[in-house]
Amino acid sequence: MLYRILKKDLLRRKGVNVILFLFITIATIFLSSSVNNILVVSSAIGYYMEFSRVPDVNIFVKGDSEKEKVKEWLDDGAEDVKEYGDIRMIALSDQNVKSIKNGKKKKYDTAGTSIYLAAAGMDYCKVFDMEGKPFSLKKGEAAMTRDAMERNHLGAGDKISISVGKTEMDLTVSRQMKDAAFGSDMSGMNRIIVSEEDYETFRKDEKAENIRMFCVMTDKETEFVKELNSQDFSTVLNTISKSAYKMIYSFDMIMAALLILIGICLILIALLVLRFTLVFTMEEEYREIGIMKAVGFRNFAVKKVYLLKYLVLVSAGTVAGFAASIPVSRAMVDSVSRNMIMEDSSSNLWVNFICSGCIVLLVMLFCYTSTGKLDKISAISAIRSGKTGERFGRRTGIRLNRRGKMSVPMFLGLNDILTHMRRYLVLMITFCISFVLITIPLNTINTMRSREMVVKFALDPDSAVYVRRIGNAGEGNYRYKDDLLKGMQRVKQEMKEKGYDAELTGIPFYFLKVSKNGTVSDQKLLLLQNLGQNNDYLLYDKGKAPRLENEIALSEAVLKQNKWNIGDWVDVNIGGKAEKFIITGTYTDYMQMGQSGRLNPVIDMKEEMMADYWNILVDMKTDKTQKELAHDLKKDFPSYEWNDAQSLVDQNVGGIQDSLAKLLMPMTGLLCAIIMLITALMEKLFIVREKGEIAMMKSVGFGNWSIRRWQILRMVWVVLLSMIAAVPMSLLSNRFMLRPIFAIMGANVKIQVVPWQVYGVYPGILMVGIIAATIFATGKVKQIHIREMNNIE
Amino acid sequence: MESLKVSNLCKTYIIEKRQNNVLRNVSLEIKQGEMVAVMGPSGSGKTTLLYTVSGMDDATAGKVDFFGKEMTGLTANEISDMRLEEMGFVFQQMYMLKNLSIYDNIIMPAYQTSGGKTKKGRAAVNERAKILMQKLGISEVADNDINEVSGGQLQRACICRSLINEPKIIFADEPTGALNKQNSIEVMDELNRINLDGTSILLVTHDMKVAARCERVLYIEDGDIREDITLGKWQKDQDMRVRERTLNDWLVKLGW
């Protein structure tokens, strides 16, 4: 008998069943493949780090002058050092590398990363071929990472040219490689590997900027870095810990995390819709339920009829979802294995299986609780269609005769919602979730495109354009601020000759030890200094900008970490001497993950070696946008790196804005499709419930279109109310979700909301979808015959 | 003038590949201001006849003229408009929208007409609704919910709704079928009064007392009108027993 009831039930409401099936299937695909991906990636990161022997701390030391001193300290002075080794590298500027295409040398795209040249065969931070095997290089050969090769359109067999001082060599890129420490653009570093022989030739050039990277294995990463900073090593440029590398690779899980979020939302929506459908079906069949109860069926026996139907539906959905998740999981793991070496690059399908099983359990448990209503209702109440004979309080509707000129369909729609708010709550929650989901990428993109974001990267959004890498071939990297000033003067002159009357403001940065009464900050701090007239654009949360020679501003993270305050005096080690500075202000920004300081513009730093220089602000009168001017200047001065603010922000946040912008329309389309499905499903159910009333309206002369207008306008009211409810929810998501995400990289930014997009265009697109789905679903009104008036409750 | 003229009306249903002729060449006429009852055994086609002549159901063949206008050639929308503005309906079950008050249920069809969309038109509708409710004695339940009034009050509200657009004819399907004796008398008093005011009424009933209040009674059997009897216009002070006896004798003769 159960089989017959089941068959009848499944066939009776095909549309609704198909939609529920699709929901469960999509949710299963998203959840199982994403959970699988996260588990695979998180275990793979650790394996990749171990396999490549990435040390716990990498110390970058400039030149060999302090080599022995550092070694001595590592051998005897430093605590908890298990083992260490060193790798020799040469720092290259982008002028030193060219890609060769058809015999012509072309500019090498670094994507803003620092480039290092190293020899094959290192013991730490090892490199491997794409199959994860060690490789050797012959003289004249080079190996590069996949990102660098794709960026420069290079394939195996293509040539690149590397020059160090007077030494220049054309090398054949023989293979792509996997490089755990330098392989991700997010690390800000990239490495080209050459043969030992070629490396020695470059190293011997007197202009070669040698870097020694000490690779230290220790169990106490933080303590070790703190101890290192308290030493007086003037040539230590930077330290990078293994946890920072791991964080970089965790970005591979962002897409999976996003899919999990969507999957959870889908499951939530599916549960809401399921509950609505289940309760609706039960209410519709109260009489049958009452009769079954009256003849002695136990509660569970009655529930079984309903639960079985959903068990079949959910099982079919999860089986289909599980099957579809297998290729999706494989594709996701494959994309990860392109960047990493994995112990076992096959996706573990047990994870998908368990996830699918959990979904069945969760949904069935939910269904079981939703049928709880059956326990409470007596046989006779059920036979009376759930009515106990009691009269309840007045409904909270509105009055037609007090609605001015409001049309009857419009009134009926509004009145329905006001009298049965709970019935429409499922739809409202679904629409709200969709509206809020769409605001997240929109607000993220708009925030990334905001002026404040540019300032948080220590740039002036009002500058005409920015320039970097101004060194001429043969000059090498600038070491001191005077080198930079000279270069800026030269560029200014060159620009003037071509008709650009510009003022340049350089921003050199230094890694310096900052301490107060012997308390040293955890690492050497990145300190910026603006050299030029443009100084007033930087923002401060408290206090003011440093102006006098003994003033400094430190970021909030630094002050908090060291329990320092505005007004405190700190010592900054400049040129081997401790100079006293008063903290005048504090701020948050994205420089060095929010751990930085700003020097006053007047102090002369000529004795201190620069770590590098940030983008030079170019201020001039122009009618062109930054993008247009950068484009023009690239033609006039092709050897320099001209940029607009947006490109720089994009480069520094790993192109997330670009990816999100690309994702926006597909995501809107997906959301639109999902809510259209839900709307169609719910509308069909509403029509079934209201069959009698629709028939009655037809009998008194309401045409099909008037009745459909009632249903459509009701949906419009639901959408409008959801849109209103979504506004505070979206603001809450900005505050408690987006702001903390933006703060991860170190700065507090105001989340930018563009009202016409967030509250207009995109919800408008969803609204059009919802109305289209309603119009489609209300087509069923035509099929309702006046005779069906008997179905009225 | 005939308010309704039905010629050779047929209605056929196909049930499980078998043809079921519910109405077979039915012809009838209802004059303006006439009150006609249709009686007959269960399954004879009474309700189908009512639904088909009122345009609530399509006819398989035949012709229906409503005040000289042929309904069979009209589109679904035109028939809807006709039902809205020129016809009134009273059913056995008191079908009303449960989310609306009694008053809103009554005025709703009038607000839907072209005249009821303007402020002035709506004021006139409200005035008319108040008078009708007063006449039918339900003014005090105007703001009540439909589950807060008795069956008789609800049926009178349905009559108010059927009259709100000042129809030329009222179709009533067992209007007292769900009411007790007292409520039935009250509802029929109202229908008679409306008829005396000039509105034609075609009603379907099983109840001889209800049919006895009509001017003419048609007897339908196997989808065809077999006989009819004219009882004459109902008068308020008339002895109903005479009309009921006449009708009873006639029905007995027909095998009722």
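Reader: How many residues of chain A are in contact with residues of chain B, and how many of chain B are involved?

Author: This is a predicted model, and in it 25 residues of chain A touch 31 residues of chain B.

Reader: Which elements of chain A give two or more residues to that side?

Author: They are helix H14 (408-419), helix H22 (691-699) and helix H23 (704-744) of chain A. H14(A) has the largest share, with 4 residues.

Reader: Let's go inside chain A. How do I read the packing of H10(A) and H11(A)?

Author: Start with the angle: anything over 145 degrees counts as roughly antiparallel. Helix H10 (residues 299-337) and helix H11 (residues 349-370) of chain A pack at about 155°, with their axes 9 Å apart, so H10(A) and H11(A) are roughly antiparallel to each other. H10(A) passes H11(A) in a right-handed crossing.

Reader: Which residues make the contact?

Author: From H10(A), they include Leu307(A), Val314(A), Gly321(A) and Phe322(A); from H11(A), Phe353(A), Ile359(A), Val363(A) and Met364(A) are among them. The residues of this contact divide into 14 nonpolar, 7 polar and no charged.

Reader: And where does UniProt place the domain feature in chain A?

Author: The unreviewed entry puts "ABC3 transporter permease C-terminal" at residues 261-369 and 670-776 of chain A. For residues 670-776 of chain A, the span is 86% helix and 0% strand, and the end C-alpha atoms lie 19 Å apart.

Definitions and conventions: Residues numbered from 1 in each chain as written. Chains lettered and ligands numbered in written order. Predicted model: local features only at pLDDT ≥ 70, side-chain atom pairs only at ≥ 80, totals over all residues. Axes fitted to C-alpha atoms, helices over the stretch in contact; angles between N-to-C directions. Parallel < 35°, antiparallel > 145°, perpendicular 65-115°, else oblique. Left-handed = near helix turned anticlockwise from the far one by under 90°. Contact = placed C-beta atoms within 7 Å. Nonpolar A, V, L, I, M, F, W, Y, C, P; charged D, E, K, R; others polar. UniProt positions renumbered as here; feature names shortened; annotations may be inferred.
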